[in-house]
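Please keep the model open while reading.

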Amino acid sequence: MQAIIQNPLDTRFTFTLQAQEGRARAGLFHTPHGDLLTPVFAPVGTQATVKAVTPAQLAEIGASLVLSNTYHLYLRPGDELVAELGGLHRFMNWPNPILTDSGGFQVFSLADSRKVDEDGVTFKSHIDGSLHRFTPEKSIAIQQNLGADIIMAFDECAPPSDRAYNQRAMARTHAWAERCLGAKTRPDQALFGIVQGGIFPDLREKSAHFIASLGFPGHAIGGLSVGETKEEMHATLEVVDAVLPQDKPRYLMGVGSPEDLVNGVLRGVDIFDCVLPPRPARHNAAMTRAGRLNLMNASFARDEQPIDQACACYTCSHFTRAYLRHLIVAREMLAATLLSIHNLHTLLQLARDMRQAIFESRFQRFAYDFLAARNET
Ligand SMILES: [Zn+2]
């Protein structure tokens, strides 16, 4: 199934479903800066850099899509400066696809104080306390200056279990989605709409129907992994999966532990991002398929094994747990780089393995075995 997206004459963005097994999907999303083979995991480069790794290292471990944050880049160095310097791809020297978020989530979670009204959000910068205002139109203008391939509608993410708040936030998200569509002018960017509605199946269903009706080239599921249980997240994904059109990519925002990836693909998700891989690396933890290893542990002092015997990354091919533990204890910068390479590789390889399993019609078995083998989250 291939969908020519947006203008029928415009083939800058196309999504082709290549294989399906149950609700799991393998696809190809064509963008102006290259093809994304889905399921795909996007490392997060908040400040136009994925922490501790170079673009060359990122490419070597097989990253295809990088996410950057509108809120942060707007405040520093400023989206107009990025535009003046040729856009985000050139500024950060990442020639492959980039996705920017709308800034909404950071405004709601990071800004020092914020006031929401029907038109937008006024907030104080967490850097210097200066006053700023985001509206749907402003978010799109910033994202057009940054120039990512995939850009996101401005939305409001409410606490997952507060029904009244979710009803208000959903209504606002829907009105803002239409305004974002009206504000977008660049044809070389794909604007994704965002489904909200907390953990309430009727709200999620309504939101998915409404957002799907607007004709976005792709859809995102927002407001998850923000305090709800795993069961609630899975149930929500199932509701949304049943409503969203099959022939457009689905992006689960900010959710990316290994088991979340597997559970998401089981429920029809194509694109993931998460700050998780570099973050445990900065806390001295290595992700493995069996769970997490805290390399600070004294038991690793003489351990000559790699982090993960089954991992083919540069770190696991060249360094022992004992050496990595030494780097961590000595507070050497290389520790963060080597751990980030391993952690990112683990999620990128997992996405590639899931894709292969879907093509070979053995994904259900793969998922069952993977989830059964996890001993820690
Ligand atoms: Zn590794």
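The points below take ring pairs and then the pocket.

This is a predicted model: local features need pLDDT of at least 70, side-chain atom pairs count only at pLDDT 80 or more, and totals for chains, interfaces and linings use all residues. Residues are numbered from 1 along each chain as its sequence is written, and side-chain values use heavy atoms, leaving out hydrogens and water.

**Aromatic contacts**
- The structure holds twelve aromatic pairs. Rings of Phe, Tyr and Trp (its six-membered ring) pair if their centres lie within 6.5 Å; planes under 30 degrees apart are stacked, over 60 edge-to-face, the rest tilted.
- Phenylalanine 15 and phenylalanine 29 form an edge-to-face pair, because their ring centres are 6.3 Å apart and their planes stand at 65 degrees.
- Strand β2 (residues 14-21) carries phenylalanine 15 and strand β3 (residues 24-31) carries phenylalanine 29. Strands are DSSP runs (E, at least two residues), numbered from the N terminus.
- Both phenylalanine 15 and phenylalanine 29 are buried, meaning under 20% relative accessible area with a 1.4 Å probe, protein chains only.
- Ring pairs join Tyr71, Tyr74, Phe123, Phe134, Phe154 and Trp176 in a cluster.

**Largest pocket**
- Its volume is about 910 Å³, the space filled by probe spheres set on grid points joined across faces, edges and corners.
- A pocket is an open set of points on a 1 Å grid over the protein atoms alone, where a 1.4 Å probe fits, with protein on both sides within 12 Å along at least five of seven lines; lining residues have an atom within 4 Å of a point.
- Of the 44 lining residues, Phe105, Gln106, Gly254, Asp273 and Val275 are closest to the centre.

Notes: Helix = DSSP H or I, 4+ residues; strand = E, 2+ residues; numbered from the N terminus. Buried < 20%, exposed > 50% of the residue type's maximum accessible area, 1.4 Å probe, protein only.
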